[in-house]
Amino acid sequence: MNIYNDSQQIATENLIVGKKVYGEKLIILNKNFKDKDIRDKDFKNENIEDLEKKIEYRVWNPKRSKLAAALLNGLKSVEINENSKILYLGASTGTTVSHISDIAKNGLIYAVEFSPTVMRKLVRLSKIRKNIAPILGNATKPKRYLNLLEEVDLVYCDVAQPNQAKLFMDNVNLFLKENFKAILMLKAKSIDVSLKPQKIFKEVEKELKSKGFKVIEKVKLEPYEKDHLCFVVEKNF
Ligand code: SAM
């Protein structure tokens, strides 16, 4: 995965130079990687020739994105490349989607979200970032968007709902290519606040396995997110 990693933080190369998505910091490196310039503001009126000598990265905030948290905690089995096609369930306003859009710059992210309110921001983002296809839809009813999608290289699910494991498996069964991976960002408290997270993680793992999914990797998201587990699975079709 093409990400900048300087041991304290990770960042993705900005697909749309000069534009932030959620107030993240920008790091500008000269192409010889000697100088580093961290900016809190968008930069405007910069000389084009100067910009061409530079690479701009967007710092990927692990407190705002569970995928960044998982990567900083050692997630290693998932590869997103510049041509990857991804089905993203629970896209919200596009914080994590935007970083995947930086990585899969020639690919496509089908970003499913069911709240029209947050969808507006996602649609605005997709006008600037052409590799995001926003879909106003309910991930519990994947057949309704069947004709809008193709088979994908990765299914990513972050919906924080009681039925998250089931809707994740239904989407994987319909849209994931054979022998490719899927990520479930499981929030224990959304399933049952009264049960210990560890018990919920075990039950979900059992459910995944009983439906023919192979668990490849599990990564906790602490200290960035409490009571969450990132599952990476493969489906044996
Ligand atoms: N993944 C986002 C990110 O990292 O930028 C944050 C996602 S937030 C935890 C969960 C999102 O899932 C919310 O925006 C919510 O509206 C959406 N959601 C919940 N249930 C859904 C469903 N059944 N179908 C589609 N979206 C859903």
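User: Where does Glu113 lie?

Analyst: Glu113 is in strand E7. Helices (H or I, at least four residues) and strands (E, at least two) are DSSP runs, numbered from the N terminus. Before we go on: this is a predicted model, where local features need pLDDT of at least 70, side-chain atom pairs count only at pLDDT 80 or more, and totals for chains, interfaces and linings use all residues. Residues are numbered from 1 along each chain as its sequence is written.

User: Is Glu113 buried or exposed?

Analyst: The general idea is to count neighbours: a residue is buried if 20 or more other C-beta atoms lie within 10 Å of its own, exposed if 12 or fewer, and partly exposed in between, with C-beta atoms placed from the backbone. Glu113 is buried, because 26 other C-beta atoms lie within 10 Å.

User: And which residues is Glu113 in contact with, leaving aside its neighbours within four places in sequence?

Analyst: Two residues are in contact if their C-beta atoms, placed from the backbone, lie within 7 Å. On that basis Glu113 is in contact with Gly90, Ala91, Ser92, Val118, Met119, Leu122, Pro134 and Leu136.

User: Which residues are closest to the ligand?

Analyst: Here a residue is near a molecule or strand if its C-beta atom, placed from the backbone, lies within 6 Å of it. The ligand is surrounded by 19 residues, and the closest are Gly90, Ser92, Thr95, Thr96 and Ala139. Helix H3 (95-103) and strand E7 (108-113) each supply at least two residues of that shell.

User: How many residues of the shell around the ligand are nonpolar, polar and charged?

Analyst: For classes, Ala, Val, Leu, Ile, Met, Phe, Trp, Tyr, Cys and Pro count as nonpolar, Asp, Glu, Lys and Arg as charged, and the others, Gly among them, as polar. The shell has seven nonpolar, nine polar and three charged residues.

User: Which residues does the UniProt annotation "binding site" cover?

Analyst: A caution on such records: UniProt positions are given in the numbering used here, feature names are shortened, and annotations may be inferred rather than shown by experiment. The unreviewed entry's "binding site" covers Thr95, Thr96, Glu113, Phe114, Asn138, Ala139, Asp158, Val159, Ala160 and Gln161. Gln161 sits in the loop between strand E9 (152-157) and helix H5 (164-175). Gln161 counts as partly exposed because it has 17 C-beta neighbours inside 10 Å.

User: Why is H3 largely enclosed by the rest of the structure?

Analyst: Because nine of the nine residues of H3 are buried. They are Thr95, Thr96, Val97, Ser98, His99, Ile100, Ser101, Asp102 and Ile103.

User: What about the largest nonpolar core: which of its residues touch the most other members?

Analyst: A nonpolar core is a set of buried Ala, Val, Leu, Ile, Met, Phe, Trp, Tyr and Cys residues joined through C-beta atoms within 7 Å. The largest one has 66 residues, and Ile86, Tyr88, Ile109, Tyr110, Ala111, Val155 and Leu184 touch the most other members. This core draws at least three residues from each of domain 1 (4-60) and domain 2 (66-235); those domain bounds come from an automatic or database domain assignment. Take Tyr88: leaving aside neighbours within four places in sequence, its contacts are Val97, Ile109, Tyr110, Ala111, Val112 and Tyr156.

User: How is the protein chain divided, and which strand gives the most to the side of domain 1 that touches domain 2?

Analyst: The chain splits into domain 1 (4-60) and domain 2 (66-235). Their contact takes 11 residues from domain 1 and 14 residues from domain 2. On the domain 1 side, strand E2 (10-13) and strand E5 (54-60) each supply at least two residues, and E2 gives the most, with three. That side has six nonpolar, two polar and three charged residues.
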